Each structure stands twice: as structure tokens, then as C-alpha cells.
Amino acid sequence: MMLTVAMPKGRIFTEALVLLKQAGYEIPDDLEHSRKLMIDVPNEQLRFILAKPMDVVTYVEHGVADVGIAGKDVLLEEERDVYEMLDLRISPCYLAVAGLPNTRVHPIAPRVATKYPNIASTYFREQGEQVEIIKLNGSVELAPLIGLAERIVDIVSTGRTLKENGLVELERIVDVTSRFIVNPVSYRMQDRAIEQMVDRLTYAIEKAGECNEN
Amino acid sequence: MRVFMFEKPLGMRDTLPDVYKTKRALREAMMKEIETWGYSFIETPTLEYDETVGAASAILDQQLFKLLDREGHTLVLRPDMTAPIARLAASKLYKEGCPLRLAYAANVFRAQQREGGRPAEFEQVGVEYIGDGTMYADAEVISLMIFALKRAGLRDFTVTIGHIGYVDALFFDILRHEQRVETLRRFLYEKNYVGYREHVKSLPLSSIDRDRLLRLLTLRGGGEVVAEAKTFATTEVERRAVDELELLWAHINQYGVTDMVKLDMSLVSHMSYYTGVLFEVYAKNVGFLLGNGGRYDELLAKFHRPSPATGFSVRLDRLMEALGEGRNDEKTTCIIFSQERFAEAYAKAAEMRRKGEKVVLQQVAGIQDMDQFTASFDDVVYVLGKRGKDER
């Protein structure tokens, strides 16, 4: 039985690949540079599909991928019905509220720009603040500079992008790492194969953790 | 918003002939099996009062379709069949001490939050077994579900059984506070095992208690899980739950269906009214839950007639998805006639219909495009012209 793994393209991909290799999976090197979106690795009984990070949870929820690797930010934003099995502890970063230094939120029309409308809305509602959420698809840092919104909610990993655009971090919302997720039906129907993958990944995560401590 | 001419309300669907046939075949197969186990089919109204059935239902409030009647009462489109049947059983049918076996095949309505195309109205086939608190009732309901699915032609599926009483007892014994139990149970309900582990590790607990909570996630597999859970059960309630599962497993074994069944002690359902044994069924080729069920011993008390009860429901749309394209092997014949030979053509059609064959009787002048029309039939008989031989 072949297991289909949904992988996020971009930032997380390389780190996830390193972790899979540490878990003992023999993965061909051309996986990283291929332009194909679906790659079979028959000797490991694995099929990889390469998707946009935001879409990995969708593929897994619908069961066209049995398992996947997705950021906690995506899981929080999308609220999909999938098992969150493991914290892979890769690609650490966090979600934060940022803005121009020494600025106030607009008293009449407070606006927040973000790629994460669901997370941002929940966060400000929890604070009891009424804000208008503006959904953007990228380059969110632009919004305060050009006057679209006074605040943004975005992923911060090193803080360099914020700094280069003259923005400061105001509040930290939640820490984010990548997670190993599983479709609820696959979790039952393919339990052996998935359990084995979880065990191998757990071992790799622990080994990676030890390396970091030393 | 502009409504397009052919548009339907969000999540509502038409069922076209081919799908209808497949759906009916599956429904009838399941119904036949359920009837042979002595269950009686019933119908209840599509609309119910929000105050009674709406409140008793386990479906989230924001998923209910609500409307007002002329007196200003809030009505709901039934979101499940269990609550209406509990109302019916409590008011009319149930007599203390007499187990009641009821079944249904009915549409339920749940507004969908995400991706508007997901069905908001879908048919469920299920049973409710009311008035019997023994494990024989649970075993019967689970086995019947398996038999009915098999009768419908499903092969590759699995049933996962858990016990919510066990989870609650374990959590309460360690956390001692309903609020804290709820927080932890929520992680299981959301399938967030990472969050569950982190939360457990953050609690000020003895290492023994921490291990008991963490071990819960690993207690899954075949019948051997019962023995494992038994060694870890410390409270009376936990032990009773494990004993129930042990009995259940033995009874299911009598039905010969244990190969379709697995245990998972951490199983928590989206239906909040379950009180004991609960189960979910999954099938290959469908990414979502096919059906579920369990024991709900406190629901009938909401209708002032406390009684133990258990049941299952299976979503027909997902069963269809799991089985793939319908295999429709019944053929349909078309008799095309001209007006002067109508009597002859009708006699022929009536004769075939008596034999149970499917016949379309069509006047030739009513057809605009002969080739396109005849292409949709397995066989065409022409009864045309003054007198003469039938052409095929």
C-alpha cells in the first residue's frame, strides 16, 4: 500500500526533506529540484505531492494525501479536520502583530492587514478589540507603509523583513513549527504504515534535538 | 448578490437519474438487512421545534437551519434523526422495560461553514435501539451496521470503537475539575495530539498521572487493547468501562465481525450526547467519516423519559462515494409508435411491463432528434406505418 505525502513547497521543504532522510527514508536528490508536482519513490512505498503550504491541509483533509507536513500557522488558520500527530520542530518562527514605531491604531477605522484573516480576527476578538481585517496574499509589510492598515499580523522568523521596512514587532501571538498531519480515514485504514512513519520521525526529531543541544 | 436562474441554496443538490438509482439500490440493500434484524422503519417531520429537538441535538447551533412559524416559534430543519426519534420514543412508543428497535432512512440538514459546495442536506440510514442498557445492544447495533454495509456491497472499511466513559473517568480522576477535563478532551476532539501532549506536560502532575494521560494515545489496536487498558485502569468507573468493552468484544466476536473492528481508547466524537461505547466507521476512497454511533443513555431524559439507548447512522452520499459508479444492469426498452398503431404499441408495452421490464412508450411525432433520443435506450422497437412488420 502506497502512502501519499503532501509536502509544502518553499521554506519548509528543504528542512522537511532533511528530517525524512534522518528518519532513514531513501529519497532521491532530484526531488528538491524537480519541477514535477507528483513524484513516486517506489522502494519506500511513498508518493510525494508538492503543494502550496496553505493547501497541504486541504489535500490531507480530503484524503487525496494520507499524511502531510504543514506549519502550525496554516493549521490554526484553516481549522481543518486532520490529526496533528507530531511537532517536527523544524522551521521555527512565530506569528506577531507589527506596525510602524510610535503609531496608534486608528481610533475610528482600525485596520489590520494579514495573510491570516482567521487567526487575526480571533486574536483581536479575544482582546475585545473591533478591527477590520484586510486579507492580503503577500508582502504584508507594505500595508502600514502605504497607509492601508496600521497593523499587520504576519509570520516572523528572523525579524529582518520587518526591520528592513522600518516596522517593529508589537505583540507575539503564537509560536509556530511544522507539524506532521494525518487524514482521519487514513489514520484508521492505513494505521500500520502511518504508525511506522510516526515512529521513524519521532526518532529523527529526538536525534535532531540532541544535536542542537550539543 | 445576484442569484443565477439555475442556482440552488448553498449546499443543496439535485439528484439526477443515475445517481438516484444507485442511491436507491444502496438504501434498499441496507434497509433489507436492517428489517431482517426486526427493526421497524419510521418517519418524523422535517421541521421540529428549536427549543426541544434543536436543543437536544448534538449538532452545533451555528450549523442549524432555523426559521419562524406563524406564531413566532423557532423551528429547525432536523440536523439528525436521533433527537427526533428520542422525542417520539419518549412520547409515544416506549414502554418501560420493553426494548424498542427503530430505523430510518431520512434526509438531515446541516449548514456548512466551509466551502459552500459541501452538502448541507444529505440522507442518513440508521437505527436506534432504545431501552436496553446491556452490551448485547451495543454489539447488535455495531454488528448490524457492519452487516448492512456489507449487504450494500462495501468491502474495504473499518470500525473504530472507544468508550467516552473511560476517557472522562480517567481525566476526572486526575484533573478533578470539569473545566480542566473539558480543556483536555477538546484536544482529542480536535485530533490535536501535539497540543494534548504539550498540555499534559505543562500540568503540575505526578509522573504516574502524566504517564497515564500520555499512554491513552497509544491504547489502540485489536482485542488485546482491552487487557492493556485493564492493567492501567485505577478507578471503579474506568474498570467498569473496560469491562464493558471486554464484554462487547466477546459479543462482537459471536457475530464474527471482529476483523472489521478496532479499539481506540482515546476516541472522542463530535456528538456530545454519547455516554458510553461509541464508534466511527471509515471506508477506503472517502476522506471523511462514513458513519458513526454510540450509546446515549441521557438523551431520553431530556424528553422526561430516562432510558438507555444506542444507535448508528451512515451517510448515504459518502457510501455512494466509497462504492464508486453505480452498476446499473437493468435495461430499458423504447417502443416508438405512429398514431394509427397506438393500441398495438400499448398492448406490447403493457405486456412487457407486466413482466417487470422497463418500457418507454413514445409517439414518433413527439421526437425532434431521433438519433439522440434512441441512443439512451438499450433496445428500440418501432411500431410505425399502416401495417407491417416491426423494425428493430
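A cavity is taken here as a set of points, on a 1 Å grid over the protein atoms alone, where a 1.4 Å probe fits but cannot get out, and lining residues have an atom within 4 Å of a point. Grid points are joined across faces, edges and corners, and a volume is the space filled by probe spheres set on the points. In this predicted model, the largest cavity holds about 90 Å³ of space. Of the 17 residues lining the largest cavity, B:Thr82, B:Glu128, B:Tyr273, B:Tyr274 and B:Ser313 are the closest to its centre. At least two lining residues come from each of strand S6 (121-130), strand S11 (291-295) and strand S12 (309-315) of chain B, where strands are DSSP runs (E, at least two residues) and helices are DSSP runs (H or I, at least four residues), numbered from the N terminus. The count of cavities of 30 Å³ or more is two.

The model is predicted, with local features needing pLDDT of at least 70 and side-chain atom pairs counting only at pLDDT 80 or more, while totals for chains, interfaces and linings use all residues. Residues are numbered from 1 along each chain as its sequence is written, chains are lettered from A and ligands numbered from 1 in the order in which they are written, and side-chain values use heavy atoms, with hydrogens and water left out.

The second largest pocket (an open set with protein on both sides within 12 Å along at least five of seven lines) has a volume of about 890 Å³. Its lining comprises 33 residues, of which A:Met85, A:Leu86, A:Val198, B:Arg197 and B:Thr218 are the closest to the centre. Both chains supply elements to this lining, among them strand S5 (83-87) and helix H8 (191-213) of chain A and helix H7 (193-202) and strand S7 (157-163) of chain B, each with at least two residues. H8(A) gives the most, with nine residues.

Chain A contains eight helices and eleven strands, and its C-alpha trace spans about 60 × 40 × 30 Å along the principal axes. Of its 214 residues, 49% are buried (under 20% relative accessible area, with exposed over 50% and partly exposed in between; 1.4 Å probe, protein chains only). Among contacts (heavy atoms within 4.5 Å) between residues at least 6 apart in sequence, 69% join residues at least 24 apart.

In chain B, B:Ser206 is found in the loop between H7 and helix H8 (207-215). B:Ser206 counts as partly exposed because its relative accessibility is 37%. The C-alpha atoms of B:Ser206 and B:Ile174 are 9.5 Å apart, with the two residues 32 apart in sequence.
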